[in-house]
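Hello,

Here is the structure I promised to pass on to you. Please open it alongside this email, and then read on for what turned up in it.

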Amino acid sequence: MTQNKTERTPWLTGESLFAYVKNNIDEEGYFASDMLPDRSSDTPEPQLGMELGAEDGYLSMFTNEEKEPLAEKLFALTQTYSKNPTKENAFSLYYEVCASECILYHEKLLDKLSQEKISPALQNLAMEFLYHAPAREAVKFAILVCGLSLLNLDNPVQAKKLHDDLLILSRCEDFTIHVI
């Protein structure tokens with residue numbers, strides 16, 4: 001029996017980018033692939049077809065008048081999910097994140113989220129995106145939220161693991177700028 005798009009969880013469908021990066025680090029500690037797995041066909045993820053890391057570098061050179069509204073929209077979705085962590089709200093956030101280039105909103109969203117306490121629900125969802133999502137922009141969003149969460153984790157073992165896992169992702173050029 002096949003499931004339709006709304007019945008399956010898209011960030012748990014497809015190859016985890018975190019696992020792919022982790023499994024493609026060579027013995028010297030470098031990311032040994034020049035690509036990431038194909039992007040999920042379920043997400044409207046933007047694509048320019050450049051080398052890893054180049055797309056964000058290219059997009060960051062331009063001023064974009066839509067940055068503020070995009071950051072506002074994503075902030076509103078994070079707040080909606082934090083207050084009402086339903087599957088529907090998680091899907092809305094995931095699909096919007098996947099349809100948006102993180103480099104275009106990350107600074108503005110970071111400013112807004114850093115003024116709020118990251119809810120446990122949003123932190124847990126971001127961790128799911130970080131470890132399981134097959135979509136690059138979802139992983140980049142998760143890096144942003146998890147990086148902020150890292151500042152507030154009470155459990156030093158959990159904080160160390162998350163820190164180490166973010167450093168693993170930073171070895172892939174597509175994620176480096178987002179971890180720094």
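This is a predicted model: local features need pLDDT of at least 70, side-chain atom pairs count only at pLDDT 80 or more; totals for chains, interfaces and linings use all residues.

Lys161 and Asp165 both belong to helix α8, where they sit four residues apart, or about one turn of the helix. An α-helix has 3.6 residues a turn, so residues three or four places apart point the same way.

Helix α8 (residues 156-170) holds another pair, Asp164 and Lys160, which are four residues apart and so separated by about one helical turn. They too form a salt bridge, and their closest N and O atoms are 3.0 Å apart. Asp164 has a relative accessibility of 29%, so Asp164 counts as partly exposed. Side chains of opposite charge can pair when their charged atoms come close.

Now have a look at helix α7 (residues 136-150), where Lys140 and Glu137 lie three residues apart, about one turn of the helix. Their closest N and O atoms are 3.2 Å apart, and the two residues form a salt bridge. Why does Lys140 count as buried? Buried means under 20% relative accessible area, and Lys140 has 2% relative accessibility, so Lys140 counts as buried. Glu137 is buried as well, because its relative accessible area is 0%.

How many salt bridges are there in the whole structure? A search finds seven. Some of them share partners, and in this way Arg136, Glu137, Lys140 and Asp174 are joined into one network.

Two packed helices are described by the angle between their axes and the distance between the axes. For helix α4 (residues 87-98) and α7, the axes come within 7 Å and cross at roughly 110°. Angles of 65 to 115 degrees count as roughly perpendicular, so α4 is roughly perpendicular to α7. Which residues meet there? From α4 come Leu93, Tyr94, Val97 and Cys98, and from α7 come Glu137, Ala138 and Phe141. Sorted by class, the contact of α4 with α7 has six nonpolar residues, no polar ones and one charged.

Glu96 counts as buried because its relative accessibility is 18%. Leaving out residues up to four places away in sequence, Glu96 touches Leu70, Lys73, Leu74 and Leu77.

Next comes helix α6 (residues 120-132), which has 13 residues. From its first C-alpha to its last, α6 reaches 18 Å, close to the 18 Å expected at 1.5 Å a residue. The buried residues of α6 include Leu122, Leu125, Phe129 and Tyr131.

Last, please look at Met35, in the loop between α1 (17-23) and α2 (54-60). Met35 counts as partly exposed because its relative accessibility is 37%. How far apart are Met35 and Cys172 in sequence and in space? They are 137 residues apart in sequence, and 9.2 Å apart in space from C-alpha to C-alpha.

Enjoy exploring it!

Best wishes

Technical notes:
Residues are numbered from 1 along each chain as its sequence is written. Side-chain values use heavy atoms; hydrogens and water are left out. A salt bridge is a side-chain nitrogen of Lys or Arg within 4 Å of a carboxyl oxygen of Asp or Glu. Helices (H or I, at least four residues) and strands (E, at least two) are DSSP runs, numbered from the N terminus. Buried means under 20% relative accessible area, exposed over 50%, partly exposed in between (1.4 Å probe, protein chains only). Axes are lines fitted to C-alpha atoms, for helices over the stretch in contact, and angles run from 0 to 180 degrees between N-to-C directions. Angles under 35 degrees count as roughly parallel, over 145 as roughly antiparallel, 65 to 115 as roughly perpendicular and the rest as oblique. Contact means heavy atoms within 4.5 Å. Ala, Val, Leu, Ile, Met, Phe, Trp, Tyr, Cys and Pro count as nonpolar, Asp, Glu, Lys and Arg as charged, and the others, Gly among them, as polar. The expected span of a helix is 1.5 Å times one less than its number of residues.
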